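Subject: Structure handover

Dear colleague,

Below is the structure I said I would pass on. My notes on what was found in it follow.

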Amino acid sequence: MTYTIAPPALPSLPIIGSDQRFPIRRVFCIGRNYAEHAREMGASVDKSAPMFFCKPADAVISDGADVPYPSATSDLHHEVEMVVALGRGGHDLAPEQAGSLVWGYGVGLDLTRRDLQAQAKAKGHPWDVAKAFDHSAPVSALRPATDVSLTADTVLRLSVNDALRQQTALSEMVHDVPHILAALSTLFELKAGDLVFTGTPAGVAALKRGDRFHAELVGVATLDGRIV
Ligand code: MN
């Protein structure tokens, strides 16, 4: 078979300790998964109803890449998040099953046009233009789950121009990874290659052209980049 135009490239991420790459199918994100961040956004956490949105797979950019300041905003915000990569899929999973889908871990930024998100919230519009724009998902190289054991004390943090902006322990998550994946699997069939952004802690703030960011899931992965 031949295509009428050149097929788009398959987005992928490097893997720590390997020459292979991880192919990306879809990118799912959970909102309001840290109570302090929900509060700073003037929202509350509904433990019974996790809230999800998506980014396109080709919004993912790799460690070290420059991030172009996006069009149509004057309030680009950082949200540092643990990113989970799935090696298997499924649907309608129980949390006891869903944890076994995880292939590996990384750290990413859920970049957000906060001004457009505020407008969307006020008008009841979808969040796509606020969340799913080009280059909106810088993600580190991925660490295979077989190489690392996360604990409740594992620290997620972000510095901008060497000043600490966001920091939390994973124990502060409202929904842990198995519960996130189980809830997602009732809404979408999950498949190998999916990435899941697991929510951001408090401290979200603006990024400007020239800012350098350093995100870390301590002991697992780091992500560096620059807004240009
Ligand atoms: Mn987020």
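**Around the metal site**

R114 is buried, with a relative accessible area of 8%. Please keep in mind that this is a predicted model.

E79 is itself buried, at 5% relative accessibility.

E79 has another salt-bridge partner in K131, with 3.2 Å from N to O. This pair also links distant parts of the chain, with K131 in helix α4 and E79 in the loop between β7 and β8, 52 residues apart. Both side chains belong to buried residues. Salt bridges with shared partners join K55, E79, D110, R114 and K131 into one network.

Which residues coordinate the manganese ion? They are E79 and E81, each through OE, and D110 through OD, at 2.0 to 2.1 Å. Along the sequence these donor residues follow the spacing E-x1-E-x28-D. E81 counts as buried, because its relative accessibility is 0% and the limit for buried is under 20%.

**Another salt bridge**

Nine salt bridges are found in the whole structure. One of them joins the side chains of E36 and R39, at 2.8 Å from N to O. E36 and R39 are about one helical turn from each other, because they are three residues apart in helix α1 (residues 35-40). E36 is partly exposed, at 48% relative accessible area, and R39 counts as exposed, at 51%.

**Aromatic pairs**

There are three aromatic pairs in the structure. In one, the ring centres of F22 and W103 are 5.3 Å apart and the planes stand at 40 degrees, so the pair is tilted. F22 is in strand β2 (residues 21-23) and W103 in strand β9 (residues 102-109), so the pair ties together parts that lie 81 residues apart in sequence. Are the two residues buried or exposed? F22 counts as buried, at 6% relative accessibility, whereas W103 is partly exposed, at 29%.

Another pair is formed by F53 and W127, whose ring centres are 5.7 Å apart with planes at 55 degrees, so this pair is tilted. F53 sits in strand β4 (residues 51-55) and W127 in the loop between α3 (114-123) and α4 (128-131), so that distant parts of the chain, 74 residues apart, are linked. F53 is buried, with 10% relative accessible area, and W127 is buried, with 18%.

Three strands make up an open antiparallel sheet, in the order β10-β7-β16. At the edges are β10 (112-113) and β16 (205-206), each of which pairs on one side only. Strand β7 (residues 76-78) pairs with β10 in the antiparallel sense over two bridges. Within this pairing, T112 in β10 is the bridge partner of H77.

Regards

How values were computed: Residues numbered from 1 in each chain as written. Predicted model: local features only at pLDDT ≥ 70, side-chain atom pairs only at ≥ 80, totals over all residues. Heavy atoms only, no water. Pairing = 2+ DSSP bridges. Helix = DSSP H or I, 4+ residues; strand = E, 2+ residues; numbered from the N terminus. Phe/Tyr/Trp six-rings, centres within 6.5 Å; stacked < 30°, edge-to-face > 60°. Buried < 20%, exposed > 50% of the residue type's maximum accessible area, 1.4 Å probe, protein only. Donors = N, O, S within 2.8 Å, 3.2 Å for Na, K, Ca; no water. Salt bridge = Lys/Arg side-chain N within 4 Å of Asp/Glu carboxyl O.
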